[in-house]
Amino acid sequence: MNSRTPELAEELVHAVRGAHHLVVLTGAGISAESGVPTFRDAQTGLWAKFRPEELATPEAFRRSPKVVWEWYAWRRQLMARVEPNAGHRTLVELERRVPQFTLITQNVDGLHQRAGSRNVIELHGNIARTKCFEEDTLVDRWEDTGEVPPRCPRCGGRLRPDVVWFNEMLPPEAIARALEASRACDVFLSIGTSALVHPAASLPFEASERGATVVEVNPDDTPLTAHARFRLRGPAGVMLPALLAALGPASG
Ligand code: BV8
């Protein structure tokens with residue numbers, strides 16, 4: 001291994017190499033190296049005076065629909081300028097190698113799909129999709145009258161991003177599939193998440209309570225760290241390619 005690739009515990013490599021059902025949960029940290037600010041990063045520029053938790057709520061949208069819509073419009077423009085990184089791409093390769101692979105993401109940036117991941121469970125929706133705030137149904141085109149936010153062509157209600165805000169329910173099918181996979185897997189990778197937001201943060205515990213090997217990939221400690229069997233303390237864009245390299249060539 002050259003000085004750049006970190007030493008990985010042989011036990012960790014052995015556990016991942018032998019995984020029958022690998023579940024991966026990702027958070028904003030896996031997109032950080034693509035240039036997407038995480039929730040913990042101080043908000044930049046125009047949004048510096050807001051905390052995400054203050055903007056990502058239905059109450060904030062009711063109170064200041066224009067500010068919330070424009071925050072998401074700014075994030076959508078940012079997404080259009082960034083690319084998946086080595087961390088996202090490594091998960092695409094892992095998906096090919098493991099008998100059963102479930103990718104669960106808290107991110108709304110669509111970078112896993114752009115990297116080539118096929119079966120992505122989006123717990124918190126996707127910023128590229130828009131829905132009617134009143135009808136809660138997707139809207140893919142609307143008249144641009146200059147009004148911000150734009151209006152639903154069916155009912156005239158305000159349009160909003162198709163993401164899950166704080167104090168909103170997660171898509172029932174997404175959280176059900178995520179729970180089922182977390183309870184059935186033998187190895188669980190938690191990557192780039194502060195492990196603070198529920199119910200996503202409970203998923204690695206659902207896995208470890210049923211004997212799964214939990215691995216955390218994060219430069220910092222989180223509430224999960226003490227409960228993880230292994231941890232790769234570094235950026236996902238470095239640690240995940242190192243893990244893949246340590247697994248050796250794809251068999252067959
Ligand atoms: C719900 C979409 C039920 C929108 C998001 C008290 C206790 C427990 C729970 C609660 C509570 N009070 C309220 C709740 C519930 C609440 C919650 O959990 N609050 C927390 C803050 C306490 N949860 C909810 O409201 C959820 N819904 O519970 O509904 C309900 C509903 C109605 C009626 C009754 C019951 C909905 C939560 C979803 C919110 N939406 N996102 C958008 O994107 O705008 S949350 C958003 O923040 C993310 O999606 C993610 O889930 C969350 C945390 O972000 P992370 O992804 O973890 O990123 P973060 O910035 O925090 O951390 C980055 C990490 O990466 C760091 O650890 C860093 O070290 C690391 N990192 C940095 N660089 C790298 C790296 N790692 C690797 N490589 C690197 N290069």
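## Ground rules

Helices (H or I, at least four residues) and strands (E, at least two) are DSSP runs, numbered from the N terminus. This is a predicted model, where local features need pLDDT of at least 70 and side-chain atom pairs count only at pLDDT 80 or more, while totals for chains, interfaces and linings use all residues. Residues are numbered from 1 along each chain as its sequence is written, and side-chain values use heavy atoms, with hydrogens and water left out.

Let's start with R160, which is found in strand β5. Is this arginine buried or exposed? R160 counts as buried, at 3% relative accessibility; buried means under 20% relative accessible area, exposed over 50%, and partly exposed in between (1.4 Å probe, protein chains only). A polar atom of the R160 side chain sits 2.7 Å from the backbone oxygen of V163. That's a polar contact, meaning a pair of N or O atoms within 3.5 Å; within protein, one must be able to donate a hydrogen and the other to accept it, and residues adjacent in sequence count only if both atoms are side-chain atoms. Skipping neighbours within four places in sequence, R160 is in contact (heavy atoms within 4.5 Å) with F61, W69, T130, K131, C132, F133, W165 and E168.

Strand β5 (residues 159-163) runs antiparallel to β4, with 5 bridges joining them; two strands pair if DSSP finds at least two bridges between them. V163 in β5 stands opposite G125. Since 6 of the 8 residues of β4 (residues 125-132) are buried, that strand is largely enclosed by the rest of the structure.

## Strand β1

For β1, the burial count is 6 of its 6 residues. H21, V23 and L25 point one way, L22, V24 and T26 the other, and all are buried.

T26 has T105 of β2 as its bridge partner, and L22 has V187 of β6.

## The nonpolar cores

A nonpolar core here is a set of buried Ala, Val, Leu, Ile, Met, Phe, Trp, Tyr and Cys residues joined through side-chain atoms within 4.5 Å. Which members of the largest core touch the most others? Of its 29 residues, they are L22, V24, L91, L94 and I191. Elements that each supply at least two residues include α1 (10-17), β1 (21-26), α6 (86-97) and β6 (187-191). α10 gives the most, with 8 residues.

Beyond four places in sequence, L91 is in contact with V24, T26, I30, F101, L103, H112, I191 and L240. There's also a second, separate core of 22 residues, with A178, A181, A195 and L203 among them.

## Around the ligand

The ligand has 31 residues around it, and F39, R40, Y72, N167 and S194 come nearest; a residue is near if one of its heavy atoms lies within 4 Å.

On its own the ligand has 1,500 Å² of accessible area, and the protein covers 74% of that (Shrake-Rupley method, 1.4 Å probe; for residues, only the protein chains shown count as cover). α2 (29-32) and α5 (65-81) are the elements that give two or more residues to the shell.
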